[in-house]
Amino acid sequence: MRWGCFWNLVKLNVKITFGLSAWLYYFRKKDRRFWGGLGIFAVILISIAPLFYLYLRLVQETTQSLAGTGMEGVVITSGVILASILVLVLGIAYVISAFYFANDLDFMVSLPFRPAEILGGKYVGVLVSEYLTIAPFFIPPVIIYGLNVSGGFFYWVFAMVIFLFLPVIPLVFASLGVMILMSLTNLGRRKDFLRFLGMILILVIVLGANFYLTRLPEGQEMEFIMGIMEDPDGLIAFTGRVYPPSIWITRALAGQTLGLRFVNLLLFSGISILGFAVLMIGADRLFFQGLIGGQEVSAGKIVKPGLLEKKMKARHPIVSIAIREIKILIRVPIYLFNSVFILVIAPIALFFPLLMGTGGVNVDEYIGVVEHELLILGGIGFFGLMALFGPALSSSISREGKLFRISQVIPVHPNKQILGKMLSGFLISLLVIPLIFLAAILYIPWSLGEIILISFLGILLAFPLMGFSLFLDLIRPYFTWQNPQQAIKQNTNVLFSMVGGFLFLGALGWGAFKLLEIGFNPGWIYFLLGLFTLIMGTVIIVILFRVAPDRYQKISL
Amino acid sequence: MISIKELSKSYNRGEIKAVENLNLEVKPGEIFGFLGPNGAGKTTTIKMMVGLLKPDQGSVSIGGFDIKNDPLEVKKRIGFVPDQPEVYEKLTGLEYLDFMADTYGVSREKRLERMEELLEKFQMENAVFDLIQSYSHGMRQKIILIGSLLHDPEVIIMDEPLTGLDPKSSHALKEMMREKCQEGKIMFFSTHVLEVAEKFCHRVGIINKGELIALGTLGELQNQAKRKSSLENIFLELTKS
């Protein structure tokens, strides 16, 4: 590894990832886009502030409830695990995108750099962006523990060092997994599909391991919990089973002696550095294997006469645009993973522990005490949640990138193009219906009529949410992405549409609940819900129609 | 007919004048070459012609329709080939062509007839079923070109169309341009290949630093220049400042 080259590539990647050069250029030129960037950052902070506040309160109350038991450190362990799992899970798609689908890779490979130098530079680019992911989860418990239990000079210094090293190990795991996957699947024609399957496999392994490690021994749950509670270190050790470095971090910050804390800090930072070294050694051997070669080259083989006529399909422009959207979404593994597969993985991740009875909760008993009308409303809300989790529409314009010029040049009115995009979102939201059926078969006593009602109202509910998401992306599309993951994950429209959507869903849910509480007829509540979402959806469409022609004309690539 | 009047576009709040006060008319049946050094304003002009950029002032009308007031009517009448062959990589060539034909409202019968003709002409009849990501630079250019011709446009606007094409495809493109011109269509293209412009265009316009500095047939340009010489020498003489 030539450190000069590595450092140059790190600087380049950080500048590209965060658009720093453009930002400084705007500053020097007194361009208002400089302030726009700052404004967006401020809006992001304000948007996540309510959630952040709830998390802070949770951490504060947990710390207080554990006061005097010697187990307070578990808040740090939990924060570290949460942050690390997020880095690992989100990192898989991010790393694939940055390492293998970035626009500059062909150029980079032609330069006299070693594979480890190129990959190392990109790794640090991703690492820096992961600090933004871990900060909200790691910093609150550290500050609350520091203020409530033990502060001191070394505590804060150690905390800063740990923060810097925190995403290293999970990102090394994600990177190594991805490199192995990419080198094994660099097989030409079907590689995108294989890679998508590989991403799912890695995710299933991560979630499966998480479930396996956190489950309680069957039949001896109470004894096990008592055992944990009797040992002051027991809860930390149990919680940390998912990710052992979280135990070292907890001991480095909440250990009883400075010596013990220092040893644990050395252990954690040493393992992190070792992990990075292993990644660099692996990169020299594996990185180019997954990147170079295996490219699909047009065979141009002679085809049967009449095939063109057989395969050709004429469609209405709106349908054609919807199909273009869906085909591209499905064929780019990163988009498929983020926009479609998330519809399957998100509910599993959300409800898996509940459904599997982890923590001693019996789902049947739980469902038994919930009013049936609430279960129906919950099913409808689930459609809305899924519309928010899948960024198909909140990144729909941005994902077009430079190819947005095609949308600007074709003689299809922007409003029809908007309808095409909405249609694609509608078709994707239909994927939630099988999940509702599955839930009905396995756990929730919904009748067929109720499933139809839930699906109908759920799709109606998704309608304004999708329109709002598309509106945000139309107003401020993000075209300067370097890899497909950035088109979604660095696209603030995705975040804003989620925050706005959650507020909308929350308000609707609260309203429906209150109406139920005062004894309103459930049938009328469903009717009002459908009517309200239909009106809201229509309003959003009207706004989109007002805005789209001007935006399609004014956006300059 | 293409009619460009007083067209201007500047960047950086007027600091950089990309195109200034451009006036130009191109008549049906004409092959028009738009020449100029790098950064002269060719691509900016073309982008304004096809609706990709909004002019600061002036107008562009094609077939009697103004791009600002009737953008869809203009777009229906033009076929546009951009300078970069960037296209949906995750679609097959046929899916892309179908998409373009759908958006231009080309009937199934017409599109089949034109696809067969154009795919054969540009030797893409076998590759059309493959994903575009597997295409070479030239093949991408050809699929974009075919996509822009499916609706048989009145005006074909091409930004550096010959770059990246192999000699056979380049020849096919020139032949196609001649045919279209005989049918009364307008071919408007920018190029750096002065030889092509010299042999091939009925008229050329030379743009430099955003201003149209010469316009006419080769003979007219030779008369404007200090001495009779090749288009290359005229170009160098006019753009040396």
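Analyst: A helix here is a DSSP run of H or I of at least four residues, and helices are numbered from the N terminus. The model is predicted.

User: Is E117(B) buried or exposed, or in between? And what of K121(B)?

Analyst: Burial is read from relative accessible area: under 20% is buried, over 50% is exposed. K121(B) has 25%, so it is partly exposed. E117(B), with 41%, is also partly exposed.

User: Which residues are joined into one network by salt bridges that share partners?

Analyst: The network consists of R324(A), E325(A), R399(A), E400(A) and K421(A).

User: What is the general idea behind such pairs?

Analyst: Side chains of opposite charge can pair when their charged atoms come close. Over all chains, the structure holds 30 salt bridges. One of them pairs K421(A) with E400(A), with 2.7 Å between the closest N and O atoms. This pair links distant parts of the chain, 21 residues apart. K421(A) is in helix α20 (residues 414-429) of chain A, while E400(A) is in the loop between α18 (372-389) and α19 (404-409).

User: Why do K421(A) and E400(A) count as buried?

Analyst: K421(A) counts as buried because its relative accessibility is 0%. E400(A) counts as buried because its value is 9%.

User: How far apart are the closest N and O atoms of R111(B) and D102(B)?

Analyst: They are 2.8 Å apart, and the two residues form a salt bridge. R111(B) has 1% relative accessibility and therefore counts as buried. D102(B) is buried as well, with a relative accessible area of 2%.

User: How many positive and negative side chains does chain B have?

Analyst: Chain B has 32 positive and 36 negative side chains. The centres of the two sets lie 4 Å apart.

User: Turning to the chain as a whole, why is 18 Å a fitting radius of gyration for chain B?

Analyst: The general idea is to compare the radius with a rule for a globule of the given length. A compact globule of 241 residues would have a radius near 18 Å, so the 18 Å of chain B agrees. The C-alpha trace of chain B spans about 50 × 40 × 30 Å along its principal axes. Chain B contains nine helices and ten strands.

User: What share of chain B is buried, and what share of its accessible surface belongs to carbon and sulfur atoms?

Analyst: Of the 241 residues in chain B, 58% are buried. The accessible surface comes to about 9900 Å², with 47% of it belonging to carbon and sulfur atoms. As for contacts in chain B between residues at least 6 apart in sequence, 67% join residues at least 24 apart.

Conventions:
Residues numbered from 1 in each chain as written. Chains lettered and ligands numbered in written order. Predicted model: local features only at pLDDT ≥ 70, side-chain atom pairs only at ≥ 80, totals over all residues. Heavy atoms only, no water. Helix = DSSP H or I, 4+ residues; strand = E, 2+ residues; numbered from the N terminus. Rg over C-alpha atoms; globule rule 2.2 N^0.38 Å. Buried < 20%, exposed > 50% of the residue type's maximum accessible area, 1.4 Å probe, protein only. Contact = heavy atoms within 4.5 Å. Areas by Shrake-Rupley, 256 points an atom, 1.4 Å probe, with all protein chains shown as cover. Lys, Arg positive; Asp, Glu negative; His and termini not counted. Charge placed at Lys NZ, Arg CZ, Asp CG, Glu CD. Salt bridge = Lys/Arg side-chain N within 4 Å of Asp/Glu carboxyl O.
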